[in-house]
Amino acid sequence: MSTSAEPSTERAATGRRSATFGWSLGMVLRHWHECVEEVLHHIPHGSRGYHLLSVVVHEEVPTQAVLAGRLVIDRSVLTYVIDDLEAAGLIERRRDPRDRRARRIVATEQGRRALLDAERQVGHAQDQVLRGLPAQQRAAFCATVEQAAEAIMMTARGTDPCAAVDEVLGQPDDC
């Protein structure tokens, strides 16, 4: 039986510390968040504003309520993010022609340009985060993580990615 002072078989064989899946994801997420927030300083609410702008530009989201669900953001928090993106001229609220009570969030031309620039910067930051992997492994890792996230969203709609990020990063629950 091994004691805590003795190296594990894995460590002895590889010379590396054994990492858990959660710890590994946390390390990647923390580094991604640090790098991405640095390049998204010009977008209100950083990565949260970036994700909202990305969904608005790339997906057909019928209402603000559906947008909150897609991003798994509390609707009251979403309002603040939308207000700030709108004040920055990146998005605008429009009446839904099918339901005058509902509002659609639409990117402005300035918002589309800002997103295009941000996507390039985030891509570069992501490459820096994953620079320890060969290009083919980076692509495979990203594709696999996206598949896993979509599967989780489909099977566990109540999962709050902001709460998970906050827990990993040790930040208050207002991401």
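Where does Q126 lie? Q126 sits in helix α6, which spans residues 109-129. Here, helices (H or I, at least four residues) and strands (E, at least two) are DSSP runs, numbered from the N terminus. The model is a predicted one, in which local features need pLDDT of at least 70, side-chain atom pairs count only at pLDDT 80 or more, and totals for chains, interfaces and linings use all residues. Residues are numbered from 1 along each chain as its sequence is written, and side-chain values use heavy atoms, with hydrogens and water left out.

To start with the overall picture, the protein has 8 helices and 2 strands. Going along the sequence, these elements come in the pattern α-α-α-α-α-β-β-α-α-α. Of its 175 residues, 30% count as buried. Buried stands for under 20% relative accessible area, exposed for over 50%, and partly exposed for anything in between (1.4 Å probe, protein chains only).

Leaving out neighbours within four places in sequence, Q126 is in contact with W32 and C142.

The axes in question are lines fitted to C-alpha atoms, for helices over the stretch in contact, with angles running from 0 to 180 degrees between N-to-C directions. For α2 and α3, the axes come within 9 Å and cross at roughly 80 degrees. That angle is why α2 counts as roughly perpendicular to α3. The cut-offs behind such words are under 35 degrees for roughly parallel, over 145 for roughly antiparallel, 65 to 115 for roughly perpendicular, and oblique for the rest. On the α2 side the meeting residues are W32, H33, V36 and E37, and on the α3 side they are G46, S47 and H51.

The next pair along is α3 (residues 46-58) and α4 (residues 64-71), whose axes come within 11 Å and cross at roughly 120 degrees. These two helices are therefore oblique to each other. From α3, the contact involves H51, L52, V55 and V56, while α4 brings in L67, R70 and L71. The crossing of α3 and α4 is right-handed; the near helix counts as turned clockwise from the far one by less than a right angle in a right-handed crossing, and anticlockwise in a left-handed one.

The loops have a few things to show as well. H42 is placed in the loop between α2 and α3, and H42 counts as partly exposed because its relative accessibility is 36%. Apart from residues up to four places away in sequence, H42 touches D117 and Q121. The side chain of H42 also reaches the backbone oxygen of V39 at 3.4 Å. In space, H42 and A114 are 8.9 Å apart, C-alpha to C-alpha, although 72 residues separate them in sequence.

H45 is found in the loop between α2 and α3 too. H45 is not a glycine, but it has a positive phi of about 70 degrees. With a relative accessible area of 38%, H45 is partly exposed. V72 is another non-glycine residue with a positive phi, this time of about 50 degrees. V72 is found in the loop between α4 and α5 (75-87), and V72 is buried, with a relative accessible area of 12%.

Strand β1 (residues 91-96) and β2 pair in the antiparallel sense over 6 bridges, where pairing takes at least two bridges found by DSSP between the two strands. A hairpin of 2 residues joins β1 to β2. Across the pair, E92 stands opposite V106 in β2.

R104 has its place in β2, which covers residues 99-107. R104 counts as buried because its relative accessibility is 16%. The side chains of R104 and E60 are joined by a polar contact of 2.4 Å. A polar contact is a pair of N or O atoms within 3.5 Å; within protein, one must be able to donate a hydrogen and the other to accept it, and residues adjacent in sequence count only if both atoms are side-chain atoms.

Methods:
Contact means heavy atoms within 4.5 Å.
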